[in-house]
Amino acid sequence: MKKLILAAALSTVAVGSAFAYAPNELAQTYVYEVSTLVPGADTSNLTTAQVGRIETVLSSSQYDESEKTGAIKVILELN
């Protein structure tokens, strides 16, 4: 019985956190990283595609800092 209650509680937490942000919002860690690389960048009104591309760029180890900055500027159409 305890296992059933524990499983139910954990699934409630997992489901709740899955809906913690909309798919077109960057996680706070990415928002911070974008603002560090591109000061003044507005990440408040991104499309789902932009969020996905930014997350891909920031989580990739194949890009250095200047490449990440350039890619984010292109994604945000700041060029």
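I looked up Tyr 30 and its contacts (contact means heavy atoms within 4.5 Å). Leaving aside neighbours within four places in sequence, I found Tyr 30 in contact with Glu 55, Leu 58 and Ser 59. I noted that this is a predicted model, where local features need pLDDT of at least 70, side-chain atom pairs count only at pLDDT 80 or more, and totals for chains, interfaces and linings use all residues. Residues are numbered from 1 along each chain as its sequence is written, and side-chain values use heavy atoms, with hydrogens and water left out.

I placed Tyr 30 in helix 2. Helices (H or I, at least four residues) are DSSP runs, numbered from the N terminus. Tyr 30 and Ser 59 stand 29 residues apart in sequence, and 9.1 Å apart in space, C-alpha to C-alpha.

Next I checked the helix pair. The axes of helix 2 (residues 28-37) and helix 3 (residues 48-59) come within 11 Å and cross at roughly 75°. Axes are lines fitted to C-alpha atoms over the stretch in contact, and angles run from 0 to 180 degrees between N-to-C directions. The two helices are therefore roughly perpendicular (65 to 115 degrees). Helix 2 brings Tyr 30, Glu 33, Val 34 and Leu 37 to the contact, and helix 3 brings Ile 54, Glu 55, Leu 58 and Ser 59.

Last, I turned to Thr 69. I found Thr 69 in helix 4 (residues 65-75). Thr 69 is buried, with a relative accessible area of 14% (buried means under 20%, with a 1.4 Å probe and protein chains only). Leaving aside neighbours within four places in sequence, Thr 69 is in contact with Leu 37 and Val 38.

Methods. Angles under 35 degrees count as roughly parallel, over 145 as roughly antiparallel, 65 to 115 as roughly perpendicular and the rest as oblique. Buried means under 20% relative accessible area, exposed over 50%, partly exposed in between (1.4 Å probe, protein chains only).
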